Amino acid sequence: MTKTLHHRACHLCEAICGLTIETTTEDGAAPRITSIKGDALDTFSRGHICPKAVALQDIQNDPDRLRQPMRRVGNQWQAIGWPEAFALVAERLAAIQARHGANAVAVYQGNPSVHNYGLMTHSNYFLGLLKTRNRFSATSVDQLPHHLSSYLMYGHGFLLPIPDIDHTDFMLILGANPLASNGSIMTVPDVEKRLKAIQARGGKVVVVDPRRSETAAMANQHLFVRPGGDAALLFGVLNTLFEEGLTRDSHLPVDGLPEVRAAISRFGPEAMSPLCAVPAAQIRQLARDFAAAPSAVCYGRMGVSTQAFGTLCHWLVQLINLVTGNLDRVGGALCTEPAVDLVASTSGGHFNQWQSRVSGLAEYGGELPVSALAEEMLTEGEGQVRALITVAGNPVLSTPNGRQLEQALDGLEFMVSVDLYINETTRYADLILPSTSSLENDHYDTTFNMFAVRNVSRFNRAILPKPDGALYDWEIFVGLAQAFAAHTGKELKPTMAPAQMIDRGLRAGRYGDGAAQQLSLATLLDHPHGVDLGALKANLAPRLKTANQRIQAAPAQMLADLQRFAALQAPAADELLMIGRRHVRSNNSWMHNYHRLVKGKPRHQLLMNPDDLAHRGLSDGQRVRISSRIGAIEVEVLASADMMPGVVSLPHGWGHARPGVQMEIASGQPGASANDLTDERQLDHLSGNAALNGVPVTVVAA
Ligand SMILES: Nc1nc2c(c(=O)[nH]1)N[C@H]1C(S)=C(S)[C@@H](COP(=O)(O)OP(=O)(O)OC[C@H]3O[C@@H](n4cnc5c(=O)[nH]c(N)nc54)[C@H](O)[C@@H]3O)O[C@H]1N2
Ligand SMILES: Nc1nc2c(c(=O)[nH]1)N[C@H]1C(S)=C(S)[C@@H](COP(=O)(O)OP(=O)(O)OC[C@H]3O[C@@H](n4cnc5c(=O)[nH]c(N)nc54)[C@H](O)[C@@H]3O)O[C@H]1N2
Ligand code: SF4
Ligand SMILES: [Mo]
């Protein structure tokens, strides 16, 4: 019996914790995972681990996980070979494009795409050949407003200033619950300790959230905000900073601040208070506290991104940091200097160069808002989508109006999914192409090193051998590309393995050949616990990619959107708005089939303030019917004094009891899908991002 210790970053969420994984090999059998622990020698994550990482072994061993390509024949699934599968995809997609045009094939790329470097480096090798404008992804049910505000203000969608959590004296958090999510667009393993450290050094954490979340509960101050009211609150704060002379000059080159000040002066705290349900005096005090702190950072995430004014919110977050002198400053918000730098190597992006066919929603970076996906399939006429490719995504559970999407998927001529499971979405596919599991893959974080609160880098080899007949994700895309190119007579550029691309990226980067660190694949392999490249530091001015290399504080698109904001109404007396939530033992719409992970009490219920329950004659634990414009679901309700009155919270990613799904529900609780209630027409109209939070609902006894 041999035991081997492997050091490896966890790829499951954005925190990229270092793990120590023990495998045991007996008598020539395949190695088994025998222990998963936090890696104390990872200087970034310092031994932190959460329950999801322990479930990595369950993903590995899960009998439901697909291990070979599956083809649907009627209601049955049959295993087929790779060459046959690639040929079938090529032939069907080529035929559909020949008949109906390139845009008749749509693509949806889901969240694990950014956690898996083979998908990052190679999915476009095939998808790019399709030349379709109908590209969609989870970005537009998530962080599109972050990218758009950075693109408009700094000239690049990936110039995302990250909170300097380890040095700040005041952290204002809106719409994020890092104690459950482990941080997002802020790669921060061990976030609870880092937040407590702010408090221990005499600083403050303030959380703005319609629910007293786990993070709000440990904060120095928590403000309830009406869902979707954050822009109003932030306008109030920014106006107070201007009015009361609390601004500080920035070292950064900035255009447009006087225009901002003039344009928003009508949105003062007194006018904004009824819209966000925060008293004007508290808005003013928040601005004063923020400005008075030696250093401060305003950080907004999911909760303020997936709402009706998501892009205005992120613009305001940037402006508040900027005018208080906290942008590009230690203890404020700083851009990372990653070893493989997409900001340096790519152009800034583009916005609104074309629009979706049916609703005219703007593209960003070559993608259209996913809220438009179903209508592009259901609306007849030239350009109608007839085929879909999903990659590591489950849009039936993760995008608004999932029921409508199901109907649309059912009518497609062809669908292929690159995925590990037969789940709520892939059950509609004609073909499912499963890759190796993550522990059979090498790993480099192309994405989350870019968002990390320190500059870090690590590369880890696969810890388990590639099973016979299996393909890595990137090999699947190479196979698809070759088959499609052969079928259509297109020319295919040569490619190389992802590890080789990373090696090139590292050597060409700021710590590469000629730099003191000399990072390359080989040096990273010598440092299995990762390499610390130092704290974040000021660097924004030379990296700006706007046309005149100056920050654009007043982009025309933002100023134009003020008119839409000005129409926001104060709440009606009986308003009930639905928001979402996450739990540390969840991962979006999957990982519910691992017993070790989902054990414990149920977590799928609707949370409601006790007064709101009483008002409706409902009681704790009762089964209720929740209705919105687009549908109704039934679920149990839990009384929670942590909920703001007039707000209910339902986590997404549930609703597993759908026919044909072949995944165990380990908790025995299928739950109901929040996205059977969210509305594909409820958008942040500027970016097209779905407004998943702040959905008007009614709740009655079931
Ligand atoms: N109401 C509401 N809706 C939401 C949210 C919310 O807060 N509220 N959050 C939104 C957010 S932030 C996101 S990111 C989206 C996520 O939405 P999606 O990205 O659409 O969905 P996931 O649940 O992440 O689905 C991941 C899929 O990838 C597969 N998979 C896992 N690992 C791999 C792999 O290594 N390779 C391949 N090929 N496949 C793999 C899984 O089987 C699963 O089918 O949901 C969004 N939807
Ligand atoms: N355990 C676990 N971790 C995850 C995930 C997971 O599913 N499970 N998903 C990963 C993904 S894909 C992402 S994008 C990140 C997201 O990470 P976070 O951005 O931290 O997301 P959440 O934990 O959903 O926290 C969002 C908070 O916003 C609040 N909120 C809702 N509406 C509003 C509003 O209108 N205004 C304000 N101010 N707050 C509001 C909610 O009450 C909630 O507390 O998490 C990642 N990490
Ligand atoms: S917080 Fe948990 S899931 Fe996220 S990277 Fe760390 S161990 Fe993995
Ligand atoms: Mo996300």
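1. The chain is assigned four stretches or sets of stretches: domain 1 (2–54), domain 2 (65–132 + 389–445 + 459–495), domain 3 (134–345 + 446–453 + 499–567) and domain 4 (571–702). The model is a predicted one.

2. Taken over C-alpha atoms, the centres of domain 2 and domain 4 lie 30 Å apart. Domain 2 brings 19 residues to the contact, and domain 4 brings 25 residues.

3. About 1700 Å² is buried between domain 2 and domain 4, with 52% of this area on carbon and sulfur atoms. On the domain 2 side, the residues that lose the most area to domain 4 are L397, P400 and Y421; together they account for 34% of what that side buries.

4. Two kinds of polar pairing were counted. The interface of domain 2 and domain 4 holds 2 salt bridges. A salt bridge also joins R658 and E406, with 2.8 Å between the closest N and O atoms. Polar contact across the interface of domain 2 and domain 4 involves 12 residue pairs, both residues being at pLDDT 80 or more.

5. Which elements give two or more residues to the side of domain 2 that touches domain 4? They are helix 17 (395–398) and helix 18 (402–410). Of the elements on that side, helix 18 gives the most, with 4 residues.

6. Sorted by class, the side of domain 2 that touches domain 4 consists of 7 nonpolar, 8 polar and 4 charged residues.

Definitions and conventions:
Residues numbered from 1 in each chain as written. Chains lettered and ligands numbered in written order. Predicted model: local features only at pLDDT ≥ 70, side-chain atom pairs only at ≥ 80, totals over all residues. Heavy atoms only, no water. Domains from an automatic or database assignment. Contact = heavy atoms within 4.5 Å. Buried area = accessible area lost by both parts, 1.4 Å probe. Salt bridge = Lys/Arg side-chain N within 4 Å of Asp/Glu carboxyl O. Polar contact = N/O pair within 3.5 Å; in protein donor to acceptor, adjacent residues only side chain to side chain. Nonpolar A, V, L, I, M, F, W, Y, C, P; charged D, E, K, R; others polar.
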